[in-house]
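This briefing is for a reader who has not seen the structure before. Please look at the sequence and the model first, then go through the points below.

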Amino acid sequence: MAGITPFYDHAGITIYLGDARDILPSITNVDLVATDPPYNIGFSGYDGYGDSLPEHDYVALLALLRRFPRTAISHYPEEMMRYVVPALGPPHHVSAWCYHANFSRRFRLINYYGVKPDYSRIKQPYRNMDDKRIVAALANGSEGSSLYEWWDDIDQVKNVSLEKTEHPCPLPERLVARILALCTEPGWVVLDPFMGSGTTLRVAKILGLQAVGIEISEAYARIAVERLSQEVL
C-alpha cells in the first residue's frame, strides 16, 4: 500500500506497526477480518495501549471494520452488546467460546458479519453411540456430527502453555484455527487489525492463507515475527 512501509512482509504475511485508526483506511483486498480487539475495560497490562478509550471513540474504532465484507470478532458478551453491535450492527451469526477460568467471565462471543460459519466442516464425536441412527451413520463412514455453535473444548492460554508469550491476553491457536476453518476459503486474505502477538497471522500461515496484521506495540509485533518463524506446535 502506497505510503505505508510494512514492519514485516514475507511469504504472504504482512505486518504494519502503528495505530489501526491510521492504517485501516489504506488496507484493501481483504476477504475476512478475524480479530479479538482490546476490550476497553481498563485492563492495565498491555504494552503501549491503555484500554480505556471514551465509549464513543471505541465504538468509532470498531466501526472502521464496516468497510470490509466479512468479519469475525470476539468479545465479552456485555461489551459485545455495548460496543460491537453499535459499531457493526446486529450480527448475522454468533458462536460462544466457553472455558474454565478462576474469575467470573467464563465465555466470550464470536459475532459474524457478512459470513456464515460452516459448522459441517468440523466434526465432533457422536455422544449417544447406542442410537440406531448414529450406528448407521458410522457404518456409512460418518466421522461425527457437525460442530455446534457453542464450544467448551478449548482452554485459555495458560502461563505454562507452549503458546504463552509476553502478551497478557492471547487467544488460543486452536480457537483461531477453528474460526478460520469455519469461515475462509482457499486463497483468502485475513486481516487482524489488533494483532497482538500474532496468533491470527500464525494460524493463517499454517492453514495456507495470506494475512495482514496491524499492531500498535512494537514489542508485540516483534513477538509475532518470531512466532511466524517457529515450527508448528
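**A strand covered on both sides**

Strand β10 (residues 189-192) is covered on both faces: Val 189 and Leu 191 are buried on one side, and Val 190 and Asp 192 are buried on the other. Buried means under 20% relative accessible area, exposed means over 50%, and partly exposed lies in between (1.4 Å probe, protein chains only). In a regular strand the side chains alternate between the two faces of the sheet.

This is a predicted model: local features need pLDDT of at least 70, side-chain atom pairs count only at pLDDT 80 or more, and totals for chains, interfaces and linings use all residues. Residues are numbered from 1 along each chain as its sequence is written, and side-chain values use heavy atoms, with hydrogens and water left out.

**Strand pairing**

- Helices (H or I, at least four residues) and strands (E, at least two) are DSSP runs, numbered from the N terminus.
- Strand β3 (residues 32-35) runs parallel to β10 and is joined to it by two bridges; strands pair if DSSP finds at least two bridges between them.
- Leu 32 has Val 190 as its bridge partner in β10.
- Four bridges pair β10 with strand β11 (residues 210-215), also in the parallel sense.
- The bridge partner of Asp 192 in β11 is Gly 213.
- From β10 the chain passes through helix α6 (residues 199-206) to β11 in a right-handed β-α-β crossover; right-handed means that, with the strands pointing away from the viewer, the path from the first strand over the helix to the second runs clockwise.

**Nonpolar cores**

- The largest nonpolar core has 37 residues, of which Ile 15, Tyr 112, Trp 151, Leu 180 and Leu 182 touch the most other members.
- Such a core is a set of buried Ala, Val, Leu, Ile, Met, Phe, Trp, Tyr and Cys residues joined through side-chain atoms within 4.5 Å.
- At least two residues of this core come from each of β2 (13-17), β3, β6 (107-113), α5 (173-183), α6 and α7 (218-228).
- Helix α5 supplies the largest share, six residues.
- A second, separate core has 33 residues, among them Ala 20, Val 84, Ile 214 and Ile 223.
- Leaving out residues up to four places away in sequence, the contacts of Ile 15 include Pro 6, Phe 7, Met 195 and Val 225, where contact means heavy atoms within 4.5 Å.

**Two positive phi angles**

- Ala 11, in the loop between β1 (8-10) and β2, is not a glycine but has a positive phi of about 55°.
- Ala 11 is exposed, at 60% relative accessibility.
- Asp 51, in the loop between β3 and α2 (55-63), is not a glycine either and has a positive phi of about 60°.
- Asp 51 is buried, with a relative accessible area of 1%.

**Aromatic rings**

- There are six aromatic pairs, counted when rings of Phe, Tyr and Trp (its six-membered ring) have centres within 6.5 Å; planes under 30 degrees apart count as stacked, over 60 as edge-to-face and the rest as tilted.
- Phe 43 and Tyr 46 are edge-to-face because their planes lie at 80°, with ring centres 5.0 Å apart.
- Trp 97 and Tyr 99 form a tilted pair, 4.5 Å centre to centre and 45° between the planes.
- Phe 43, Tyr 46 and Tyr 49 make up one aromatic cluster.
- Arg 178 lies over the face of Trp 151, 5.4 Å from the ring centre; a charge sits over a ring if NZ of Lys or CZ of Arg is within 6 Å of the ring centre and within 35 degrees of the ring normal.
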